[in-house]
Amino acid sequence: MEIQRESMEYDVVIVGAGPAGLSTSIKLKQINPDLNICILEKGSEVGAHILSGNVFETRALDELIPDWREKNAPIKTKVQKEKFLFLGKKSSLSWPTWLLPSVQKNHNNYIISLANLCRWLATQAEDLGVEIFPGFAASKIIYDDDNKVIGVQTGDMGIDKAGNNKDSFEPGLIINAKVTVFSEGCRGHLGKEVISKFNLGSNKSPQQYGIGFKEIWEISEDQHDEGLVMHTAGWPLDNSTYGGSFCYHAEKKQIFIGYVIGLDYQNPYLSPYDEFQRFKTHPAISKILKGGKRISYGARALIEGGLQSLPKMHMPGALLIGCDAGTLNMPKIKGSHTAMKSGMIAAETINEYISKNRPLSEYENKFKKSWVYQELYTARNVKPSFQWSLIPAIIFTGIDQILFRGYLPFTLKHSHADHESLIPANKAKRIHYPKYDGEITFDKTSSVYLTGTNHEADQPVHLKLKDPDLPINYTLNEYDEPAQRYCPAGVYEVDVVDQNNPKFVINAQNCIHCKTCDIKEPSQNITWVTPEGAGGPNYANM
Amino acid sequence: MKILVTVKRVIDYNVQVRVKADNSGVEKENVKMSMNPPDENAVEEALRIKEAGKADEIIILSIGEEKCQETIRTALAMGADRGILIKATDDIEPLAVSKLVSKIVEAEKPGLILMGKQAIDDDSNQTAQMTSALLNWPQATFASKIDIEENTAIVTREIDEGLERVKVNMPFIASCDLRLNEPRYASLPNIMKAKKKPIDIKSAEELGVDIKPRIENIKISEPPTRQKGVMVADVAELVQKLKYEAKVI
């Protein structure tokens, strides 16, 4: 039987209450208070699925809400000091900050929790009349007969594992809108659909991703240095793996410590989670953490492709903004201000589309004239140079960023998509990671516990396998099933209790919505779809 | 008949609760808050009784800070009719809550009060019982089934030995167990409608109730962490360790 669905009409529906989507809604209401705008957010509340370093550049916010200081935005800790360390196995070498490219200088920036900034932006949006619905995932795109996007459908609630309706069944409803804005963040599942359906990525390099980990620690007073921003490169990664750490000293004796690893790594035995745990045991790092207490953990995929991989951001009836498209500035290690600006440009475009009948493709011109484009243009050659390995990349980056300030007369390309980079397991070197000590390093189970993630147990698995037999029949042999290692939440396991008959197990309840599996699975066999609304992590101050 | 349902705003059950560094309480800043889970069962039961034609109005009462309005809105979005918020600090104790509930009962004269069996934050499990005493009403605690008849109700209670069925006279107060029902989801249109439903805001002073805490909290601390396990080679070693190291036999 066809399900009867209610529908609601809005001028604009925005998918995802992150910095991009919230900025779009605020800017739209500022220019045209009469517009009806709603935001769907799959997290249980705004901020619950937001995870970011974060050293925040206020440029976009200064334009959007110039009096953010008076309005008590949660942006308080100004960066005071910076350090950059090259780590060897036991040694550390401090790189002089004057030799850092200017994009990596942070003296005007702030150490913030992006989740809390989003919570604050949400109250600003609601005060302007934007309707925000947390706990509702946009699960499907609605097209008209001409393939124009005309809205989205929210997920059905109350379906059991086998796909039958439970007593509590509540059908999803259709939200029709003149313009739909996709702002789901990196590798949004609807964004992925429109990029392929409308061929938005044609003539672009394949998108590049990383996986980022973050922990919040409360550390002892004598190790804490409020306002200190520290980055490291080098150990424990080898020179052919792209990545590095961050450590930001926030208020209340807290530090935000984390690690980012490019998902173009080659060794299927590499475990990003364990690289991060191991990193914390370096003498230069463990001395900061000793005697402290870990209070949060989380992980999320992020965009690294930059301008070469940035797809077209408009299509009939809709825009694709922020990191759902990929506006993160990798050498700057910042994406919040660019995501916000991309949303503000979207707002101007949408208003002219609705009230003056101007085409949505105007987005492209406006974007090209903005400072975001300028930033991404000058940043474009840094990440691709790392395919030559660490040392040549650093030399090149010095020339590109310090001498030419990003204006070298050529553009390097990304050669492969991240799922193509793994080498077969029998050609790769096994990596033996040290045991967790329970003080500085922890197992995945206790880490996932800190994310507060939860999914209604009796619902269909939201990690879909195109071919359910492939993990055992092919990926296990060829790559030793890397999902066991790249998933930061222990969702995937190969059960070998019966050695002749191994089973691929998906603990979907553990999922923290990072999207790494959807990106890295070598045969692109895993597709992440939205689980029941409000499922997923419950990050507090990430 | 009116049904009065009480709801409490608590730290969400998925959140790992963390003790504040100064041991004065638990960290609530930017932590996800939601409706106390058994209170959701109480709201759901009230809705089902109303849908069965046995009640005509559902009033949601919450006591606490301003933000408890969000919790009341959740219940209104599920289908309740109106809300009452009594503003109070969140260290309010069960006896004061019971006194406030009694005051609301005097004014609203409901035929049934439904509460969650206990709140997942302080686990007091006292409010329903004390309210029953203050009002001199029958009580049926830990209800996993409620059948309303003419002037009585049959309530199935979850007790240690199994199930107990009691017959109570109306009006009465029931505290609800998680097994009572499966709470519904609030749909988007109903969330929109709930924004327009009235919430009456009162204070403890205007109701003439002294809500000052009677208990002084000296220190809140985390339970001791569990010690690491050890593998033993055989039974003899196990007995040895239990006797001389753990000193439990």
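Which residue in E10(B) does Gln139(B) stand opposite?

A: In this predicted model, the residue of E10(B) that stands opposite Gln139(B) is Ile173(B). The two strands concerned are E7 (residues 139–148) and E10 (residues 172–176) of chain B, which pair in the parallel sense over three bridges. In general, the strands of a sheet pair through backbone hydrogen bonds, in either a parallel or an antiparallel arrangement. Within a regular strand, side chains alternate between the two faces of the sheet.

The pairing of E7(B) with E10(B) belongs to an open sheet of nine strands in chain B. The strand order is E9-E8-E7-E10-E6-E1-E4-E5-E11, and the pairing is mixed. In that order, E7(B) stands between E8(B) and E10(B), while E10(B) stands between E7(B) and E6(B). The edges are formed by strand E9 (162–169) and strand E11 (199–203) of chain B; each has a single partner strand, so one side of each is left without a neighbour in the sheet. On average, and with direction ignored, neighbouring strands of this sheet are turned by 35° against each other.

A helix also lies across this part of chain B.

The contact takes 16 residues from chain B and 25 residues from chain A. On the side of chain A, helix H3 (114–127), strand E11 (157–159), strand E12 (165–170) and helix H13 (444–451) each supply at least two residues. The largest share comes from E12(A), with three residues. By class, the side of chain A that touches chain B has ten nonpolar, nine polar and six charged residues.

Chain A contains 16 helices and 24 strands. Its radius of gyration is 22 Å, close to the 24 Å that the globule rule gives for 542 residues, so chain A is as compact as a globular protein of that length. The C-alpha trace of chain A spans about 60 × 60 × 45 Å along its principal axes. Buried residues account for 53% of the 542 residues in chain A. Of the contacts in chain A between residues at least 6 apart in sequence, 77% join residues at least 24 apart.

Strand E15 (residues 228–234) of chain A is largely enclosed by the rest of the structure, because five of its seven residues are buried. Strand E5 (residues 81–87) of chain A pairs with E15(A) in the parallel sense over seven bridges, and Lys83(A) has Met230(A) as its bridge partner in E15(A). E15(A) also pairs with strand E16 (residues 243–249) of chain A, in the antiparallel sense and over four bridges; here the bridge partner of Val229(A) is Tyr248(A).

The domain assignment of chain A gives domain 1 (7–68 + 115–204 + 311–379) and domain 2 (434–528). Their C-alpha centres lie 29 Å apart, and the contact takes eight residues from each of the two domains. The side of domain 1 that touches domain 2 has two nonpolar, three polar and three charged residues.

Conventions. Residues numbered from 1 in each chain as written. Chains lettered and ligands numbered in written order. Predicted model: local features only at pLDDT ≥ 70, side-chain atom pairs only at ≥ 80, totals over all residues. Buried ≥ 20, exposed ≤ 12 C-beta atoms within 10 Å, placed from the backbone. Pairing = 2+ DSSP bridges. Rg over C-alpha atoms; globule rule 2.2 N^0.38 Å. Contact = placed C-beta atoms within 7 Å. Nonpolar A, V, L, I, M, F, W, Y, C, P; charged D, E, K, R; others polar. Domains from an automatic or database assignment. Axes fitted to C-alpha atoms, helices over the stretch in contact; angles between N-to-C directions.
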